[in-house]
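Here are some notes to read with the structure open beside you. Take the points in any order you like.

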Amino acid sequence: MADFFSEFWHYYVAGITIASIAGCAILLWSQSTYKVRLGADGKAEETTGHVWDEDLTELNTPMPRWWIGLFWISILVAIVYLVLYPGLGAWKGTQGWDQVGEYQAELAQARLDHGPLFARYAAADLEVVAADPQAHAIGERLFLTYCSQCHGSDARGSKGFPNLRDADWLHGGEPDAIKTTIMNGRTGMMPPMAAAVGTDKDVENVAHYVRSLSGLAADPVKVAFGKPKFAACVACHGADGKGNHMLGAPNLADRTWLYGGSVATIMETVRKGRTNTMPAFGAFLGEEKAHLLAAYVWGLSNEARPEPVETAAR
Amino acid sequence: MTGPDGVAPRAAVVRMYAAREDIFPREVKGRYNTLRWAAVWLTQLLFYGLPWLNLNGRQAVLFDLAGRKFYLFGVVFWPQDFIYLAALLIVCACGLFLVTAVAGRVWCGFSCPQTVYTGIFLWLERRIEGARSAQLRLARQPWTLEKIGKKTAKHLAWGVVALWTGFTFVGYFAPIRSLGVETAAVALGPWETFWILFYAFATYGNAGWMREQVCKYMCPYARFQSAMFDRDTLIVTYDLERGEPRCGKRKGEARAKAGGAVGASAAGACIDCSMCVQVCPTGIDIRNGLQYECIGCAACVDACNGVMDKLGRPRGLIRYATENGLVQKLGVDQITRRMLRPRVLVYSVVLCILTGAMATSLALRNPLKLDVIRDRGAMGREVDDGQIENVYRLQLMNTSEEPVRLQVGASGIPSARVVETGIIEIDGTTTRAVPVRVRIDPGAGKPGANRIEFTVRSVDDFGLTSTSISTLTVTEGAAFIVPK
C-alpha cells in the first residue's frame, strides 16, 4: 500500500476506526436505559436526582425513540460506507472508487460532450476556422487561459515575449507555421557575438548600423564603420538584415524589437547573445485545441478575424 | 410494586427513549384560530402563487443558482450582493427577537411553516378520518378495510399537498412554467426530481409525522427563545386564582350556594372539562403553567372561551397575559404600557437601524461592477518612443437588465490614458472581460509600481457622458508598473 510506510499503519487506522464504531454502539446500547430511585409510593421519580444551584433539578422525560434510531442508522451507514468505499486503512472498498478514477470519468465525459465540436473545427482549414465567430470565442478563452501569461491578455507580448498582433514573425506567420510553433515549441538562440564583431567600439558601430536598417536615428559615421562589421551577422540575419524564418532570426529592418531597439539594448544583445524558448504545448493541449489557438492567433493579425462575439460568462 | 421479599425496591431501570404518543388535537373555533387560518392563507397564497408571477418577460422571483443570478421583482442580485441576504437574515432574526420579547412564541403558534403545514395536514386528516373522537376510535380499532381505506386516502392527500409544495419550492430555483411542462411530460432532470421529492418528503414527514416533535426536539429557535422572555412577555396563561379549585358545573354551583358555610373554599371557574388539553397540538395541559412545549398558539384560549360562553361565565380563564400582569392583577392598558421596556426598545432601535441601513444600501446599489485583473506574466513594456504600456483585464459586470454602453478611462499618473478601447457594449445581466492597455509618457511614472485608477462610465447612444444621475460610474484601483 503506497499510502503507508509500513503495513502497521493500515491495521492501526482500521483498528481505531472499527473500535470507534463499536465504542459508539456500546455507548448507545448501555446508555439507552438507566437506573432511577423509586419514590415512597413505589413509582420512579420524575427527576434524575441531580440538583444544581440549590434547587434546579433535571426531569428525566424520555427522548422520542426515533432519536436513538437515527444514531443506529448512522452506525449502519458508516459500516456500509466502509465496506463500499476506501476508508478502512488500506481497504479499497468493493466499489473500486478512487479520486483518479472519478477525475478520469469526468474527463472522458467532457471529451464526449465537447469532442464533436473540436473535431469539426480540427477538420476545417485554419483560415476557415479563424473566420468562425464561435471558434474565435473558444480560441480567445483558450488564449486567455494558456497563452496570456507570457504574451499578455491583448497578445501584444512584452520584453522577450513576441507581440502576436503585428506582422512580424520570427518563425513564420502562416497559419501552419503558427500551429507548428504551438505544437512543438521554438527555441531561439543568438550566440554571444562580441568576439566575432570585435571591440566594444565595433559593437557600438554595429548597433548604430542595425538601427539605420529600419531608419531609426543613428550616427552616420558609426553606421559607416559598423556596416562592414555586420558581416559577422549576415549568416543568420541575411545581408539586408531581414532575418530568416528557418533559423528564427529576427528581421532587423522592421522597427519591431523583441528586447528593445535602443543602442544600449542592441549592444547588450550583440555582446551577450539571447536565448529564448517557447515551450511545446502539443502534448499538453492536444492537436484540436492547438488548431483552434493557431486559428485565433493567426486571425489576430489577419483580415479573417470576425467581429468579436460577446460572451456571457460568470 | 414490591420485590420478592415484600420490600419496595429502591431503584428501577428506566428507558431513556420512548415511543411518541399520538396526539389528535380537537378542532377548535375562535378568534385565535381564525387569525391562524388567516396567516395560513396569507403565507401559502404567497408561497404557492409567487413563482407564477411574471415581470419584464421573466419569472418575477427566481433564484437561478446555475446562472448565479437572483431575480427579485425588478432587481437582479448577483453573488457579489450576498451581503444583502446576510442583512435580510439579521433583520429577520431581530424581528423575531422583538416579537418574542413582546408576545412570546406567536411566530411559532401562528406563522412558522411547521405550524402552518401541520395545520393544513390536520385539516385534511379531519376531513378524511373525522373529528377527534372518530380519530381516536379509528386508531384503536383493528385493521379493517375501512381503516385501511381511510389511512390510504389520508396519506394520498398528504402526498399530493407535499408534492405540490416540493414542486413549488423547486419552482423558485428553476422556471416554474417550464418545470410544469417537464413534469407533465415526465421529463424532469435528475436533480429537479430529487429536490422535488426531497422537499415533498420533508413536508410530508414534518407536517404529517413529526409535528410537535420538530418544535420539542429539533427547533433551535424554540430552545433559545427563553432568553428573550421576561415577566412582561405575553404568554398563554391559565388564571390559577380564578380557576382553582376545579370542579364540575353542578358541584360547583352547589358549593357556591353553600358558600363558606361548609368551610370549603369557593368553587373555581375551571369545570375541568379538559377541552384545553384536547385542543393542544403539543399535548400539554396549560393549567400546569408555562411549559417549554407550549408554542403559544392559543388554541386552548379559544377552547376555554367557548366553554365559558356556554356557561355564561366571563371569558379569559385561559388568556394571553404576562406573568407580572397575572400576579399583580394588571389591566390590559397597564400590560400594554409595560411593552415599552428597555429590552423591547433596544430590539426596536436595532431593527430600525438595520432595516434603514439595508434599504439605503439597496437604493444606492450600483448595478455596474468592475474588477481589474492586471496581467501578471507581463510587466510594463516599452512601446513607441519610450512610452510605457501595461495590460489589464477589466471584468465588467452589468447586473441590471438593461444593456449599457461604457467608456473606460485611467488616471493617477499624469498622461495616463487608455489606448484603442472604444465604447464597450454589455447586454443586460452579462459579464465581459475586456483587455485594456494603459499608456504613459516616458518618465511620467516612477520606476516600480504606481497607483492608477480605472473609471468606467456609462455613455449615451452618441458616445457622450451625460451629467444626469442616470450615468453609472464605477472606479477601481490598480497597479501600473514602470520597468526599472
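**Notes for a first look**

1. Let us begin with a turn in chain B. β6(B) and β7(B) form a hairpin with 2 residues between them, and B:F73, in the turn, has a positive phi of about 55 degrees. Please keep in mind that this is a predicted model.

2. Strand β5 (residues 61-64) and strand β6 (residues 69-72) of chain B run antiparallel and are joined by 4 bridges. Here B:V61 has B:L72 in β6(B) as its bridge partner.

3. How confident is the predictor? For the complex it gives an ipTM of 0.73 and a pTM of 0.80. The average pLDDT of chain B is 89, and 92% of its residues score at least 70. Residues 260-264 of chain B, however, have a pLDDT below 50, and beyond near neighbours in sequence this stretch has 1 contact in the model. Where pLDDT is low, the predicted coordinates should not be read in detail.

4. Next, look at where the two chains meet: 32 residues of chain A are in contact with 31 residues of chain B. On the chain A side, the elements that give two or more residues are β1 (33-37), β4 (63-64), α2 (65-84) and α6 (148-151). The largest share, 5 residues, comes from β1(A). By class, this side of chain A has 13 nonpolar, 11 polar and 8 charged residues.

5. Strand pairing also crosses from chain to chain. β4(A) pairs with strand β2 (residues 17-18) of chain B in the parallel sense, over 2 bridges. To find the spot, look for A:P64, which stands opposite B:A18 in β2(B).

6. Chain A is divided into domain 1 (7-84), domain 2 (111-185 + 279-300) and domain 3 (188-278). The centres of domain 1 and domain 3 of chain A, taken over C-alpha atoms, are separated by 85 Å. Chain B is divided into domain 1 (18-365) and domain 2 (368-482), and the C-alpha centres of these two lie 55 Å apart. Their contact takes 5 residues from domain 1 of chain B and 6 residues from domain 2 of chain B. The domain 1 side of that contact divides into 2 nonpolar, 2 polar and 1 charged.

7. In chain A, helix α5 (residues 133-146) is worth a visit. This helix has 14 residues and reaches 20 Å from its first C-alpha to its last, close to the 20 Å expected at 1.5 Å a residue. Which residues of α5(A) are buried? They are A:A135, A:H136, A:I138, A:G139 and A:E140. These buried residues pack against α3 (99-122), α4 (126-130) and α14 (287-300) of chain A.

8. Most residues other than glycine have a negative phi, and most peptide bonds are trans. B:E244 and B:P245 are joined by a cis peptide bond, with omega about -10 degrees; B:P245 lies in the loop between α11 (240-243) and α12 (249-258) of chain B. B:S274 has a positive phi, near 65 degrees, and sits in the loop between α12 and α13 (275-278) of chain B. B:S274 counts as partly exposed because it has 14 C-beta neighbours inside 10 Å. B:K329 is not a glycine either, yet has a positive phi of about 55 degrees; its place is the loop between α15 (323-327) and α16 of chain B. With 9 C-beta neighbours inside 10 Å, B:K329 counts as exposed.

9. Finally, B:R337 lies in helix α16 (residues 332-337) of chain B. Is B:R337 buried or exposed? B:R337 is exposed, because 12 other C-beta atoms lie within 10 Å and the cut-off for exposed is 12 or fewer. B:R337 and B:D230 are 107 residues apart along the chain, and their C-alpha atoms are separated by 15 Å.

Definitions and conventions: Residues numbered from 1 in each chain as written. Chains lettered and ligands numbered in written order. Predicted model: local features only at pLDDT ≥ 70, side-chain atom pairs only at ≥ 80, totals over all residues. Contact = placed C-beta atoms within 7 Å. Nonpolar A, V, L, I, M, F, W, Y, C, P; charged D, E, K, R; others polar. Pairing = 2+ DSSP bridges. Expected span 1.5 Å × (residues − 1). Buried ≥ 20, exposed ≤ 12 C-beta atoms within 10 Å, placed from the backbone. pLDDT = per-residue confidence, 0-100. Domains from an automatic or database assignment.
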